[in-house]
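This briefing reviews selected local features of one structure. The points that follow are grouped by topic.

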Amino acid sequence: QERRSQEGQCQEGRPLARLESIERLVLDDTLRQPLTAPHVAYLKIADGCDRLCSFCAIPAIRGRFVSKPLETIVGEARKLAENGVKELVLIAQETTFYGSDLYGKPRLAELLERLETVAGIRWIRLMYAYPLFFGDELLERFAAAGTKLLPYIDMPLQHANDTILKRMRRGIDRAGMEALLERLRSNIPNLVLRTSLIVGFPGETEAMFDELVAFVKRWRFDRAGIFPFSSEAGTVAARLDGHVPQSVIDLRFRKLQNLQRRIMNRFAAARTGKTLDVLIDGPVVEDDGNPVENVFVGRTYADAPEVDPLVYVTGHAEVGAIVPCEIVDARDGNLIGVVS
Ligand code: SF4
């Protein structure tokens, strides 16, 4: 009922709005959306990894953690901005360790501060923040950030049960993670938290899985990638005892995924009726390659490219612009809006 009245309101006020066709677009996976728009750039700040997560083959493949010098990254960001990039997505195998190898201490907070000064960059998004090294300085950077550093943190937590976390060799227990989550949520206004979780890790009992479910219900992550455990050759986890049967992994995966979907749907529904800044990634494109007139796909600060839901908007907008949009509906976690 509420949805219908919002649609009605919107259509009355704005002749350009074509919400019935947007609804089809949101649900039609065959329509092509721009994945990496030219105004979005992934900026790698380091490579390799010194952590020893037992399920991960990356340290063996990519070698030790090597940071890119701070000035090099700032220079790259300037060049990207000159070429029209508006959103920087900072990546590494894990970002919070940035600088430790080069400078003897983490310097991610300082790097973020420097990147905020780069003219032309509008959004800075941090991905892959390992919880163990998320220190006070970094938290203060987020808490004090201006408009460029987005209050969006992608922090893979992987599990909630202490025995499993130990078997994963994460170096942090549930209490440590929850203390950090509490500090993040209470200090960073409008924080959007994304995490990654693995279900069916070797040794995971039904009770341990239930603990993970309760953890997700307690923290209600705004975004999460749920992954069924799969054995990587050569990793410690592959040699662990207690491998969970695939049928059980699949069941647990579906259960947690459904829970997360409900959480994200509620998050999206709570954003309807608000006016949000949307970065316009491109026009919605039909099967025949033609753009749909005045219908665009974009993202708010809560939506990382390629992994998070989208915003479908109608109205006049420039690709690459950040425009205020009135959110009139939510479908499957995606938002539908009208350029204000
Ligand atoms: S999961 Fe991430 S932090 Fe852990 S070893 Fe692999 S790359 Fe490093």
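Predicted model: local features only at pLDDT ≥ 70, side-chain atom pairs only at ≥ 80, totals over all residues.

Leaving aside neighbours within four places in sequence, Asn 290 is in contact with Val 284 and Val 285.

**Asn 290**
- Asn 290 is located in the loop that lies between strand 9 (275-285) and strand 10 (291-299).
- With a relative accessibility of 45%, Asn 290 is classed as partly exposed, the range for that class lying between under 20% for buried and over 50% for exposed.

**Ser 196**
- Ser 196 belongs to strand 7 (residues 192-199).
- The relative accessible area of Ser 196 is 15%, so this residue is buried, the cut-off being under 20%.
- When residues up to four places away in sequence are not counted, Ser 196 touches Met 155, Pro 156, Leu 157 and Gln 158, as well as Gly 225 and Phe 227.

**Helix 4 and helix 6**
- Helix 4 (residues 70-82) and helix 6 (residues 108-115) have axes that come within 10 Å and cross at roughly 30°.
- The two helices, helix 4 and helix 6, are therefore roughly parallel to each other, since angles under 35 degrees are assigned to that class.
- The crossing of helix 4 and helix 6 is right-handed.
- On the side of helix 4, the residues that meet helix 6 are Leu 70, Glu 71, Ile 73, Val 74, Ala 77 and Arg 78; their partners in helix 6 are Glu 110, Leu 111, Arg 114 and Leu 115.
- By class, this contact of helix 4 with helix 6 comprises six nonpolar and four charged residues, with no polar residues.

**Helix 7 and helix 9**
- Helix 7 (residues 136-144) packs with helix 9 (residues 174-187) at an angle of about 25°, and their axes are 10 Å apart.
- Helix 7 is therefore roughly parallel to helix 9.
- Helix 7 passes helix 9 in a crossing that is right-handed.
- Helix 7 contributes Asp 136, Leu 139 and Ala 143 to the contact, while helix 9 contributes Arg 183, Leu 184 and Asn 187.
- The residues of the contact between helix 7 and helix 9 divide into three nonpolar, one polar and two charged.

**Surroundings of the ligand**
- The ligand is surrounded by Cys 49, Arg 51, Cys 53, Phe 55, Cys 56, Ile 58, Pro 59, Gln 93, Tyr 130 and Arg 170.
- In this shell around the ligand, seven residues are nonpolar, one is polar and two are charged.

Definitions and conventions. Residues numbered from 1 in each chain as written. Heavy atoms only, no water. Axes fitted to C-alpha atoms, helices over the stretch in contact; angles between N-to-C directions. Helix = DSSP H or I, 4+ residues; strand = E, 2+ residues; numbered from the N terminus. Parallel < 35°, antiparallel > 145°, perpendicular 65-115°, else oblique. Left-handed = near helix turned anticlockwise from the far one by under 90°. Contact = heavy atoms within 4.5 Å. Nonpolar A, V, L, I, M, F, W, Y, C, P; charged D, E, K, R; others polar. Near = heavy atom within 4 Å. Buried < 20%, exposed > 50% of the residue type's maximum accessible area, 1.4 Å probe, protein only.
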